[in-house]
Amino acid sequence: MYYKSTRNSEVKVSSAEAIAQGISKDGGLFVPEEIPALSMEEIAALGKMPYADRAAAIFAKYLTDFSEKEIRYCVDNAYSVKNFDTENICELKKLFGGAYMLELWHGPTCAFKDMALQILPYLLTVSAEKLQLGKKIVILVATSGDTGKAALEGFKDVEETQIMVFYPEDGVSAMQKKQMTTQEGANVGVCAIKGNFDDAQNGVKAIFTSEEIAEKLDKNGLMFSSANSINWGRLAPQIIYYISSYAKLLAQGDIKAGEKINIVVPTGNFGNILAGYYAKKMGVPVNKLICASNANNVLTEFINTGVYNKNRQFYTTISPSMDILISSNLERLLYHICGENDARIREWFGMLAAQGRYEVDEQVKAVLKDEFYAGCCDDKETKACIKEIFNKYSYICDTHTAVAVKVYMDYVKATGDNTKTVIASTASPYKFSGSVLDALGVSDETADEFELVEKLLEITGLPAPESLLALKDKEVRFKDSVEKDKMSGYILGCLGI
Ligand SMILES: *Cc1c(COP(=O)(O)O)cnc(C)c1O
């Protein structure tokens, strides 16, 4: 299996090359040239295996240049109880009726990013070894809060790698900031930027595609790679949990083989929901992929009208990991549904860069309508949803997951659809204790982030993650903050080149 660039179909690389490079030199994203199929028998068989075995079976279809032993090494190291607080790695809990919460936050940093970032360092180091790159890999990350910490935790002290994370100074929660700025490890760096997530992501993309910087790195025995969901090595691991949850529902007898399900995803960069799309194309019977946005509802409008317009007000919300106006992974979806027409992708994304707006054609609009449903809600509705779900079902959602639950409830109201539904629960509520308490009507302006955790524990009884509590006594190591146009200089300075 080879991978092509969305902006140049002639580019053809192995999975190891796609993972090591992160992004294609032409600015495009790597996509599999063919989406591998899974039969219903294969899916059903997965339901009886531990998570690591499910992962190994699915990776074998995508990483065809990896040996069975190499895949085993990656999945066994990543998906173990050393790293996750449950043997199941992720949990599937019935919320109400036919709605299930897929809890993806049982890893070390309490957000779904761990599902991919616990394995990416292994995929990447194995790839580098296979390719005999002989270079140290510098991981560059732009984060809206959760990716940064998950990547730092995954890559800390991994040999022959160094990692640098940029986060928007005023765009992350107090706990997220504490998680990143106290990070341990000899090969890690963290820096705030004066701007929002899109600025951070654009800055990182510009650094990646600069030939001048690439040459400089090369001379010094270094190369860049990405831990953002633009890297195929981030996306592939996310496909697994959707297939896995279908297999589990089947094994539990909650659905029959072939029965369709809906998948609801609180969306920012479109990585997580795109993984659901790949799961569907591989053979998981999916009715609708439901894309839930916060007040930054550029995707809601796009899916409903076919017009992508980032020229709009940017909102800082209580679901900061979704405060994004340029959803990178949409490029992969559009490449697949426009018939792998790279010229068209270059045209649309060129317009996005130049004018901040593009409109897809009628054929693409029709496919979007058919595969997806999109909705959004603001902070007020998000809070009301947290409260309602807690009061009715004694289930406590974080602020991102609540956006998904709210949009799902709106969808059911609008369509009457009673298809069984898996809702991606993307973060532990303890990561956003302040906003969650506020939603429950018991906010406390004077409490620090750890007192808020205690308070949420008192009210909900849900065990608080040890990893968050342990941050309390950790020293802040990283205090730098730079202008958004000074990122490349800052990086070169850190690397001493
Ligand atoms: C990253 C993140 C999202 C958005 O996921 P995308 O893959 O960027 O669409 C949603 N919720 C939480 C908690 C996140 O950390």
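A word on conventions before we start. Because this is a predicted model, local features need pLDDT of at least 70 and side-chain atom pairs count only at pLDDT 80 or more, while totals for chains, interfaces and linings use all residues. Residues are numbered from 1 along each chain as its sequence is written, and side-chain values use heavy atoms, with hydrogens and water left out.

The structure holds 2 cavities of 30 Å³ or more. By cavity I mean a set of points, on a 1 Å grid over the protein atoms alone, where a 1.4 Å probe fits but cannot get out; lining residues have an atom within 4 Å of a point. Grid points are joined across faces, edges and corners, and a volume is the space filled by probe spheres set on the points.

The largest cavity has about 270 Å³ of space. Its lining is made of 26 residues, and F112, K113, G268, N269 and S321 lie nearest the centre. The elements giving two or more residues to that lining are α7 (146-155), β10 (261-266) and α12 (271-282), and α12 gives the most, with 3 residues. Helices (H or I, at least four residues) and strands (E, at least two) are DSSP runs, numbered from the N terminus.

So what sits in the largest cavity? The ligand does, in the sense that more than half of its atoms lie within 2 Å of the cavity's grid points. There are 15 residues around the ligand, and K113, D146, G268, N269 and T426 come nearest; a residue counts as near if one of its heavy atoms lies within 4 Å.

Now for the polar contacts, meaning pairs of N or O atoms within 3.5 Å. In the side chain of D146, an N or O atom is 2.5 Å from an oxygen atom of the ligand. F270 uses its backbone: a polar atom there is 3.1 Å from a ligand oxygen atom. On T426, a polar side-chain atom lies 2.9 Å from a nitrogen atom of the ligand. On its own the ligand has 380 Å² of accessible area, and the protein covers 98% of that, by the Shrake-Rupley method with a 1.4 Å probe.

The second largest cavity has a volume of about 40 Å³. It is lined by A142, Q201, V204, K205, N228 and I230, with the largest share, 3 residues, coming from helix α9 (residues 197-209).

Finally, the largest pocket, with a volume of about 520 Å³. A pocket is an open set of grid points with protein on both sides within 12 Å along at least five of seven lines. Of the 19 lining residues, K25, F208, A214, M223 and F224 are closest to the pocket's centre. The largest share, 6 residues, comes from α10.

Note on methods
Polar contact = N/O pair within 3.5 Å; in protein donor to acceptor, adjacent residues only side chain to side chain.
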